[in-house]
Structures are given as C-alpha cells and as structure tokens.
Amino acid sequence: MRITLLCNCGLAVECSGAVLLVDVPNGSAPPFYRLPADAWQRIVERQPPYDRLAGIYITHQHSDHCDLDALRAFQRRWPDVPCLLPSEETPRGSVGLGPFTVEYEAFPHAPIPNPPPHRVTWIRAGERCIYLAADAALEPEAHRAFLRGRKADAAFFNAMYLSRPDTRRLLREAAAQCYIYHMPREGEGREIWAKCRRNLERYPEELAQVSVLGNYPTVLEFPEANLL
C-alpha cells in the first residue's frame with residue numbers, strides 16, 4: 001500500500017494497482033492549500049496511476065475537503081468512477097471499491113456554526129488498514145466506539161489532537177503510525193505550526209509514533225504485511 005498526500009487533506013491510496021482518492025479535489029480555504037491544478041489535470045485525464053481509479057470518497061463538503069463543482073464535472077466525464085459524498089440519509093455503511101473496503105460512520109465535526117454531515121472512515125487496502133478522522137470533534141470515546149479495538153497501520157488526525165492527554169492516548173491506540181495532516185504548508189499558518197511543534201516537544205514519549213505532514217506531495221509506503 002502507498003499513501004500520497006496530494007494537498008492539505010487530500011490523499012491518494014494505492015493498492016494492487018488501483019487508486020482511491022480521499023477528499024480530492026478540494027478547493028481553497030487559506031491557510032490550507034488546495035490540490036495543484038496540474039495534479040488535478042492528471043487525474044481528470046486518467047493518467048497513471050489514475051487510469052485505474054477505484055473511486056473518490058469525500059469525508060464532508062467543506063471547501064478545503066471538496067470542490068463540488070470540479071467533482072461534478074469529473075463525474076460527467078467519467079460516470080464509471082464511483083464518487084461517494086456524505087449525507088444525513090446514510091449515517092453509516094460499508095462499500096467495496098476494487099481492492100478497497102470503505103467503512104464510514106457519521107461523526108460530529110469540530111465545533112463550528114452549521115456543520116455539514118461529516119464522517120470518520122476505516123479503509124482496508126489489501127492487508128493494510130487506514131483510519132481517517134478528517135475534521136472530527138475531540139471525542140475520544142466516540143472514536144473508540146467506531147474503532148472497536150481495531151488498530152490501523154496508519155491514522156490521519158489534525159493537529160488539535162496533540163493538545164490533550166486523552167486525545168494523545170487515542171493516537172497511540174488508533175494506529176501503529178499516526179500522521180498529523182490538514183496542515184498549512186511549512187512556513188505558512190505560523191500559529192498552527194507553533195502549537196503543533198510545542199506539543200511535539202513537550203510530549204515526545206506520548207507522541208513518538210506521530211509524524212507531521214506539511215508539504216506535498218508526500219509519499220508513505222506500507223509493504224504488504226506478509227512480505228519478509
């Protein structure tokens with residue numbers, strides 16, 4: 001399995017030659033960066049590795065996670081590619097997309113006015129598993145209820161999960177390796193980066209398995225579990 005961070009929260013997950021896109025395409029919401037136009041063009045033209053696109057999955061319809069106009073245009077051009085958007089009518093479910101199994105459940109968004117339907121997600125890719133918290137509220141017990149004791153190979157949370165003892169404990173429980181994503185580029189969003197670094201420096205033992213992703217593209221490799 002290979003995971004590529006394409007933009008601030010946009011991921012391309014590759015498994016068995018197929019690709020699942022998560023929160024791609026996204027729009028502009030400074031200081032969070034959008035998917036570069038040339039990267040989206042390669043996807044639209046179905047250039048490798050996107051010639052075997054298993055689907056597009058959206059956690060919620062905020063502009064920094066979803067450019068709905070671009071997504072609709074893509075659907076018109078490529079109606080064979082499943083595009084999964086959250087709705088209040090489907091608060092939970094599981095769907096197979098090629099070699100991927102995507103399990104999702106409604107979960108409160110971090111406190112904001114008029115939050116959209118929002119999901120946390122468990123993705124099985126071959127023998128590997130990923131947990132995506134997206135913009136989930138700081139509710140560790142609700143995460144644990146969804147995870148049901150499962151531990152992912154990789155989990156993706158945003159930086160606010162570094163700030164509390166109970167959420168730092170959740171990071172250790174959720175995955176062998178946790179990634180802080182949905183970050184501004186390094187050198188931008190100074191307050192967010194300062195808080196993130198401060199927590200990493202204060203709690204090095206608690207956050208030993210945590211890495212921060214602030215540049216793109218960033219490629220993460222996870223060899224199949226049965227390989228020696």
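Is the crossing of H3 and H4 left-handed or right-handed? The crossing of H3 and H4 is left-handed, meaning that the near helix is turned anticlockwise from the far one by less than a right angle (clockwise would be right-handed).

A word on the ground rules. This is a predicted model, where local features need pLDDT of at least 70 and side-chain atom pairs count only at pLDDT 80 or more, while totals for chains, interfaces and linings use all residues. Residues are numbered from 1 along each chain as its sequence is written, and side-chain values use heavy atoms, with hydrogens and water left out.

**The chain as a whole**

The chain has 5 helices and 13 strands, taken as DSSP runs numbered from the N terminus (H or I of at least four residues for helices, E of at least two for strands). Its radius of gyration is 17 Å, close to the 17 Å of the globule rule for 228 residues, so the chain is as compact as a globular protein of that length. That radius is taken over C-alpha atoms, and the rule is 2.2 Å times the number of residues to the power 0.38. Along the principal axes, the C-alpha atoms fill a box of roughly 50 × 40 × 35 Å. Of the 228 residues, 52% count as buried (under 20% relative accessible area; exposed is over 50%, partly exposed in between, with a 1.4 Å probe and protein chains only). Among contacts (heavy atoms within 4.5 Å) between residues at least 6 apart in sequence, 62% join residues at least 24 apart.

**Two helix pairs**

Here are the packing values, with axes fitted to C-alpha atoms over the stretch in contact and angles running from 0 to 180 degrees between N-to-C directions.

| Pair | Angle | Axis separation |
|---|---|---|
| H1 (37-44) and H2 (68-77) | about 25° | 11 Å |
| H3 and H4 (165-174) | about 15° | 10 Å |

H1 is therefore roughly parallel to H2, and H3 and H4 are roughly parallel to each other as well. The cut-offs are under 35 degrees for roughly parallel, over 145 for roughly antiparallel, 65 to 115 for roughly perpendicular, and oblique for the rest.

H1 and H2 cross in a right-handed way. Trp40, Ile43 and Val44 of H1 meet Ala70, Phe74 and Arg77 of H2, giving 5 nonpolar residues, no polar ones and 1 charged. Nonpolar here covers Ala, Val, Leu, Ile, Met, Phe, Trp, Tyr, Cys and Pro, charged covers Asp, Glu, Lys and Arg, and the others, Gly among them, are polar.

Over at H3 and H4, Pro140, His143, Arg144 and Leu147 of H3 touch Asp166, Thr167, Arg169, Leu170, Glu173 and Ala174 of H4. That contact divides into 4 nonpolar, 2 polar and 4 charged residues.

Most residues other than glycine have a negative phi, and most peptide bonds are trans. Arg148, in the loop between H3 and S10, has a positive phi near 55° and counts as exposed at 54% relative accessibility. In that H3-to-S10 loop you'll also find Arg150, whose contacts beyond four places in sequence are Glu103, Trp122, Glu173 and Ala174. His182 has a positive phi too, about 60°, but it counts as buried at 6% relative accessibility. His182 sits in the loop between S11 and H5.

As for cis peptide bonds, one joins Val24 and Pro25, with omega about 5°, and another joins Tyr216 and Pro217, with omega about -15°. Pro25 lies in the loop between S3 and H1, and Pro217 in the loop between S12 and S13.
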